[in-house]
Amino acid sequence: MKIIAHGHYAEKIEDALPPLKELVKEATGEPVRRVGRFIQLALIGAGRCLTANPAPKNTGVYLTSGRGDLEITLDVLEQMVEHGLPPKPLSFINTVSNSACFYLAKHFGLHGRSHFVTRRHAPLESALQLAALDLDHGSLQSALVGSVDICTMPLADHRTRLCVPADTAVGEGSHWFLLSNDTYPGTTLATIEAVILLPDKDALQQWLATQFLSPQSPANTVLACGQHIDTPTRLLLQHLTGCSAWAASPEPPWYDSHCGNTLGQFLQLRPARTLLHIDSDPAGRFNVLQVSLS
Amino acid sequence: MAMNQACFLGAGIATHLGTGMAAQLAALQRAPLPPQPVNCDIGTIHECVPYKLLADFPLADITQRLDTVIDHVIEQALAAAGLDGADRAGISLFIGSSSFDISLSEYSYQHAHTVRNDAIPMEDSPSFGKLGEAVRQRFGFRGPDFSFNTACTSSANALWYASRLIQAGKIRYALVLGVEVINHITALGFHGLGLLTRSVMKPFDAARDGLVLGEAASALLLGPGNDSDFRLLGGANMCDTHSMSAANADGSSVAAVIAAALAEAGISHTAITAIKAHGTASLLNDEAEAAGLLRIFSGSTLPPVCALKPFIGHTLGACGLTELILFWQALSNGFIPATTGIGADNTVLGISLVQTPAVPAAGIYLLDYFGFGGNNTALLIGTGDAR
């Protein structure tokens, strides 16, 4: 699976949520009315990804997120419980995450499949796995995969919902990748060599052993650990792979779409030939993403 | 290249008709019943909404009810498949739902609001993947998991990808779960859209006047089996940008997704011997679906068409899997469910529903699903030797 283009938005949020209207217009070429922050962020990231590389009509859209459109869901809940108001029709429809896919498909003229899919602790990886299946199968020639997470105010409440300490920097991001199958004739940025979930540490060790057969491999590869990896596991992974640790810089604020941020920065900064991104979950499973520059 | 088999190995189901397969099959041979009014009380809102609630899981303890029914249907599916402990650990989980555990977030916020002034909504770390994580932990599944939120096509899409990941050799067993339980956002949202009827749903009928919401939990285990086992033979999903809430009434987008499913399966429409329609009994969607089916079967005889929502209500994100299990089991037991007196007149939209339980012909069966956000999915099922 090849990466043809990528586009991003990422912001640390401190005092107020930055307005997005102008950025949406800039990214899509027109104002988009009556949409909330989640859909705006999706349009900005996807628009930036597709600016120089318009996607073919039958491109599939794969949207993922850790929390989805929190803004609209919180608003609907508050209106019901605190003000006794039932959901407004458009608000109700937009509580379905797939609504964002509709706006994306409509604005970028896409008629392929569209999915909102996620996995706790590895949203982007889950969407990439489905896109890889469709592209490998040959039923699609291109896929637009994006990971979007928004921030809501007040930040103290947002941190409570994220289960992070009160002093954690939080933010929002929208990270998009236009992908094609291996037959794509044009210039590509990179190849996604692997996007897999391994059930435990033993399986990870076995997989790593098959990836580092050449003595040059570690020198050409950087290891980026995901946001759910603890320090002992981070050290173990460095030991197992022999790769230099690498992280996006500046360190991104906390949001669920971190993996997209790391991949985006890797494609931009090109710190090594290959990126090995590994994240874990509380069950001890490992999500692995391996990407090599073209 | 030989593909791995993704056969339907065992199912579990709970709906308004009862719990377990026998209860469903018995009820599918009787006339569908009207919904019951259910009080939706939240904040100062007191609304009565027609619903088809789960028959055997009373609205007593909301905090436990969702997990209880999920565990019940998964246990049914695993037991029916006879999968042992070692294989269970390798299972991959695919969930399709439009509301996941929002009922719990609503409940905890509403409860907290009555005892604390500073209560905030969704304090409980909301995440679409949270339900899947909890299910995996309870059952010890360690394979990859995927949570689909594509409105009324959610569990159909979950099933489609589960089947294809097995066929591609990426996973060996998949447990697909479709779940939808009552929650205020859904109930009041549909009520506000004016899409609900208080009588029996009447898909494709001149008197159709809306849908009835339903609850369901269903589970299906996929994996290697025999040629005589049912399985997914093909499918397709396409995005229809005509409208956020309805397919194009000219049937073009419905026909396109069915044609794509037929192409994926490598079969002609003439191989289809029965159809499970989406049939939401709404004015526009039934018109679009009927027009789409007529486009596909233009110049040939339309096979028998049935609709299952009059029996169980519209179970939204769960309807993809729940209706597939009901249809598959009815076919396996020798009948196509009939809705006597509903959708009988084919002069209204050009198609009519099966009026007396029909004996299914051998072949391939089509299932349609359409959801908010322009998400359209068509699935084809049959036995391995049906092509």
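This is a predicted model: local features need pLDDT of at least 70, side-chain atom pairs count only at pLDDT 80 or more; totals for chains, interfaces and linings use all residues.
Residues are numbered from 1 along each chain as its sequence is written, while chains are lettered from A and ligands numbered from 1 in the order in which they are written.

Domain 1 of chain B puts 58 residues into the contact and domain 2 of chain B puts in 55 residues, with contact meaning C-beta atoms, placed from the backbone, within 7 Å. On the domain 1 side, helix 6 of chain B gives the most, with 7 residues. By class, that side has 32 nonpolar, 20 polar and 6 charged residues. Here Ala, Val, Leu, Ile, Met, Phe, Trp, Tyr, Cys and Pro count as nonpolar, Asp, Glu, Lys and Arg as charged, and the others, Gly among them, as polar.

Now the contact between the chains. It takes 53 residues from chain A and 57 residues from chain B. Which elements of chain A give two or more residues to it? They are helix 3 (70-83), helix 4 (89-94), helix 5 (98-108), strand 3, helix 6 (123-137) and helix 7 (155-162) of chain A. A quick word on the naming: helices (H or I, at least four residues) and strands (E, at least two) are DSSP runs, numbered from the N terminus. Helix 3 of chain A gives the most to this side, with 9 residues, and the side divides into 25 nonpolar, 18 polar and 10 charged residues.

Strand 3 of chain A deserves a slide of its own. Buried means 20 or more other C-beta atoms within 10 Å of the residue's own, exposed means 12 or fewer, and partly exposed is in between, with C-beta atoms placed from the backbone. A:S114, A:F116 and A:T118 point one way, A:H115 and A:V117 the other. Inside chain A, strand 3 pairs with strand 2 (residues 60-64) in the parallel sense over 3 bridges; for pairing, DSSP has to find at least two bridges between the strands. In that pair, A:V61 stands opposite A:S114. Across to the other chain, 2 bridges join strand 3 of chain A to strand 6 (residues 145-148) of chain B, and these run antiparallel. There, A:V117 stands opposite B:F148, and A:T118 faces B:S147.

Next, helix 1 of chain A, residues 21-28, with A:V24, A:A27 and A:T28 buried. Seen down the helix axis, these fall within an arc of 80°, so they line one face of helix 1 of chain A; the arc is that of the directions from the helix axis to the C-beta atoms. They pack against helix 2 (37-50) and helix 5 of chain A. On the face turned away, you have the exposed residues A:E22 and A:E26. After the helix comes A:G29, with a positive phi near 85°.

Last one: is A:S294 buried or exposed? A:S294 counts as exposed because it has 10 C-beta neighbours inside 10 Å. You'll find A:S294 in the segment after strand 10 (286-293) of chain A. Leaving out residues up to four places away in sequence, A:S294 touches A:T188, A:L189, A:A190 and A:T191.

Notes. Two residues are in contact if their C-beta atoms, placed from the backbone, lie within 7 Å.
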